[in-house]
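The paragraphs below lead from the chain as a whole to its core, its aromatic rings and its charged side chains. Please keep the sequence and the model in view while reading.

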Amino acid sequence: MSSDDATRQDRGSALKASRIHTVFVLAAALAMIPMAAQADDGGSRSEDTAIERALVRIESGSWKQADLDLIRSNPELAAVLVDPSVVEDPIIESGDLDETATFATFSLAEPSVVAAVATSCKWVGVAYKQTTFLGDTAYWWHHRVEWCYDGSKVTTWVTRYDYTTNKLSTYYIRDLVVNQQGGVGTSSAWSHMSRAIENCVAKYGCIGEYTPWSKITVSKTGGYSYVGGLS
């Protein structure tokens, strides 16, 4: 295993451990709620407990349709929580650095490859969207690279970075989980990025953490390919 693979594995394991810890802490807190207290508060307390348990299952990936229906019935949560049953295809943008971009949409199911006519420098961006229970945009996450090439090798990165747009106010941008690159000086180079994004709502606390990622590979003739996803 290379050092880059080991680093990615360590970071992925740490993120997974953090998520599991969050889920178990919330589950433990729910288990400590006395049944008498639930009875004293009547239906409202029971409903809150049901919602909290649904949030635990959604965060852990073990949700059922009844959990989704319950969240949709709560306008406050439905407006800001990502619907895990909705998978959006990414948007791919590309072009020469000094020309108008060309646009295309590709499926998440397969890595996509696009050939390009050789020029000196190009850019490409991959954008992933997540959607709330109401069908609105929770956030867009973008990974963009700019590179130069001479027909025999990728000569340099001009820049490579990530950013978010159209983000709801409950979403908070956390650290980069992965920020790696390689291959400059050879026939192809790659940029791999993943960002942690957390959704925190005052009444319920932090109820979701997402890590969109993509790995863009660029070529000596201006072509590119990518893989990526949402988690």
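Of the 231 residues in the chain, 41% are buried, where buried stands for a relative accessible area under 20%, exposed for one over 50%, and partly exposed for anything in between, as found with a 1.4 Å probe on protein chains only. The model is a predicted one, in which local features need a pLDDT of at least 70 and side-chain atom pairs count only at pLDDT 80 or more, while totals for chains, interfaces and linings use all residues. Residues are numbered from 1 along each chain as its sequence is written, and side-chain values use heavy atoms, with hydrogens and water left out.

The pLDDT, which is the predictor's confidence in each residue on a scale from 0 to 100, averages 81 over the chain, and 71% of the residues score at least 70. Over residues 20–40 the pLDDT is below 50, and this stretch has 17 contacts in the model beyond near neighbours in sequence, a contact being a pair with heavy atoms within 4.5 Å.

The chain holds five helices and eleven strands, taken as DSSP runs (H or I of at least four residues for helices, E of at least two for strands) and numbered from the N terminus. Among contacts between residues at least 6 apart in sequence, 56% join residues at least 24 apart.

In soluble globular proteins, nonpolar side chains tend to be buried together.

Leucine 77, in helix α5, has a relative accessible area of 0% and is therefore buried. Apart from neighbours within four places in sequence, leucine 77 is in contact with Ile51, Leu55, Ile71, Tyr204 and Ile207. With isoleucine 51 the separation is 26 residues in sequence and 9.5 Å in space, from C-alpha to C-alpha.

Aromatic rings come next. The whole structure contains six aromatic pairs, a pair being two rings of Phe, Tyr or Trp (its six-membered ring) with centres within 6.5 Å, called stacked if the planes are under 30 degrees apart, edge-to-face if over 60, and tilted otherwise. In one of these, the ring centres of tyrosine 139 and tyrosine 171 are 5.8 Å apart and the planes meet at 50°, so the pair is tilted. Because tyrosine 139 lies in strand β5 (residues 137–149) and tyrosine 171 in strand β7 (residues 171–182), the pair ties together parts that are 32 residues apart in sequence. Both tyrosine 139 and tyrosine 171 are buried. Another tilted pair is formed by tryptophan 147 and tyrosine 149, at 6.1 Å centre to centre with 35° between the planes, and these two residues are likewise buried. Through ring pairs, Tyr139, Tyr171 and Tyr210 are linked into a cluster.

Charged side chains also meet rings. Arginine 144 lies over the face of tryptophan 123, 4.1 Å from the ring centre, and lysine 215 over the face of tryptophan 190, at 4.6 Å; the rule asks for NZ of Lys or CZ of Arg within 6 Å of the ring centre and within 35 degrees of the ring normal.

Arginine 144 also forms a salt bridge with glutamate 146, the closest N and O atoms being 2.8 Å apart. At 19% relative accessibility arginine 144 counts as buried, and so does glutamate 146 at 12%. A salt bridge here is a side-chain nitrogen of Lys or Arg within 4 Å of a carboxyl oxygen of Asp or Glu, and the count by this rule comes to nine.

Lysine 203 bridges to aspartate 48 with 3.8 Å between the closest N and O atoms. This pair links distant parts of the chain, 155 residues apart, with lysine 203 in the loop between β8 (188–201) and β9 (205–210) and aspartate 48 in helix α3 (residues 43–60). Aspartate 48 is buried, its relative accessible area being 16%. Arginine 72 and aspartate 83 meet in a salt bridge at 2.9 Å, N to O; arginine 72 is partly exposed at 34%, whereas aspartate 83 is buried at 3%. Asp69 joins Arg72 and Asp83 in a network of salt bridges.
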